[in-house]
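Hi,

Here is the structure I promised to hand over. Please open it beside this email and follow along.

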Amino acid sequence: MSVLAPPEQAFLTEIRRIADEVAAPHAIEVDREARFPAETVQALRDVGALAAFVPAELGGGGVSFEALAAACFELGRRCGASAMVFAMHQIQVVTIVRHLDAGSWFEGYLRELTSEQRLIASVTSEVGTGGDMGRSVAAVTPAGEGTVSFEKQAPTVSYGTFADDLLTTLRRAPDADGGDQVLALTARGQHELETTGTWDPLGMRGTCSPGGVLRATLPAEQILATPFPAISAESMVPVSHILWSHLWLGIATDAFDRARAFVRASAKQKPGQPLPAATRLSHLMSELSMLRAEVSSGLREFCEASDTPGRERLSTMAAALRFNNLKLSASDQAPRVCQGALGVTGIVGFKNDTPFSVGRHLRDTMSACLMVANERIHETNASLLLIAKDV
Amino acid sequence: MPDAIRTIIQEHGRMPVDVSTLPDDADLYAAGMTSHASVNVMLALEDAFDIEFPDHMLKRSVFESFAEIRAALEELGAGAPA
């Protein structure tokens, strides 16, 4: 990771404090009750972290993308659900910031987001698209006097009822093709989210992501001018994959740390005796190193590609393959590390109430392969591999 | 060349509209060409014109319209379909 400037170090110090003092003590209850990590989000609001990536000239923290990724990692070490809520909010903020037109409505919005520390959730998945984020059914529909309306059926909306604002993918117009999409932002008061499902999942329970029907009416200026396909390729997809993989690495790192603490405790109890768990821990370290290397190189390559004029490199197939691959490998490797930690700790890690418990880590990371199903990404990659040259 | 490009998109673009009705600068993606279909269009163009699109040209904007595709083929020195 590149060297961070002092204000960014201060930001990360605050994030670590919140992770240790707020997210960690509530993590078990958030998981058990499948409830929103309200204390962590409030603590993040209190230090202005929800606007950390908003440019300083709009009042925000102006931290780098690297610092944001590091923050996801730090929160992930203490509470996977808190880290996921933070990451998903930041994906929306980063997307808006990277596609901001000077003088647009969104400039004023980012100022408000900063002063009010507004939380954004996204509504990108949709019933009837077979899990393809690149297609929509719901459409922007003219509603008179410069306003538009839409109704969208979403199979999951993470923390939707806790968010102040929603960023939603839609077809550009009622007669537009499914792939001709735009992004619309609606504030609480402009939309109504009717929850349609229940939420009792295996892991990432605190993200509170049941399905819902979203109905909204909004001024047309609240639609981002850049077409969604460009936003998706240059920002939303790679940024999602990078921030998610950082928090998955955070969860896996904590599972490894617990396994290591377990081995140290065992070694102290039986000094000088052979310790099979120590050898298993060494194997586990190689697995964790692979994950760490993939995650950090993904971040570095994204930052380099973002610096090319017009972000040219990010719109190539080679880039799509690169950042899809980050998601695939990190989502496979993170639960593998957690399972390895269980192999080291044995029954002590299997139990939910010991200092070495890794059950929540394993369950949380098992959601990784479902957040945009890995098989769908493999299908996309398989198609891109037919034509891409230098991968 | 323009007719050959249209024929390839008609055959491989799996467009929900009649390709012959689209103007030269029509946005093919907005007209319904999916990312998956566009890969087949690229493969067919490489085959028909006996060229290879380098990685920096393998992006959405290069295959967005008949005009853009023709410009890309000309840049690669493609002649008549092989």
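Two strands count as paired if DSSP finds at least two bridges between them. Keep in mind that the model is predicted.

Start with strand 1 and strand 4 (residues 165-171) of chain A. They pair in the parallel sense, over four bridges. One bridge partner to look up is D165(A) in strand 4 of chain A, which goes with I120(A).

Now the whole sheet. It is open, with three strands of chain A in the order 1-4-5, and its pairing is mixed.

Helix 6 (residues 228-269) of chain A lies across strand 4 and strand 5 of chain A. Its angle to strand 5 of chain A is about 85°.

Next, the helix pair. Helix 3 (residues 65-76) of chain A packs against helix 6 of chain A at about 35°, and their axes are 7 Å apart. The crossing is right-handed. Contact residues include L68(A) and F73(A) from helix 3 of chain A, and L243(A) and W248(A) from helix 6 of chain A. By type, the contact residues are eleven nonpolar, three polar and one charged.

Last, a hairpin. Strand 2 (residues 141-144) and strand 3 (residues 147-154) of chain A pair in the antiparallel sense over three bridges. T141(A) stands opposite S149(A) of strand 3 of chain A. Two residues sit between the strands, and E145(A) has a positive phi near 55°.

Best wishes

Conventions: Residues numbered from 1 in each chain as written. Chains lettered and ligands numbered in written order. Predicted model: local features only at pLDDT ≥ 70, side-chain atom pairs only at ≥ 80, totals over all residues. Contact = placed C-beta atoms within 7 Å. Axes fitted to C-alpha atoms, helices over the stretch in contact; angles between N-to-C directions. Left-handed = near helix turned anticlockwise from the far one by under 90°. Nonpolar A, V, L, I, M, F, W, Y, C, P; charged D, E, K, R; others polar.
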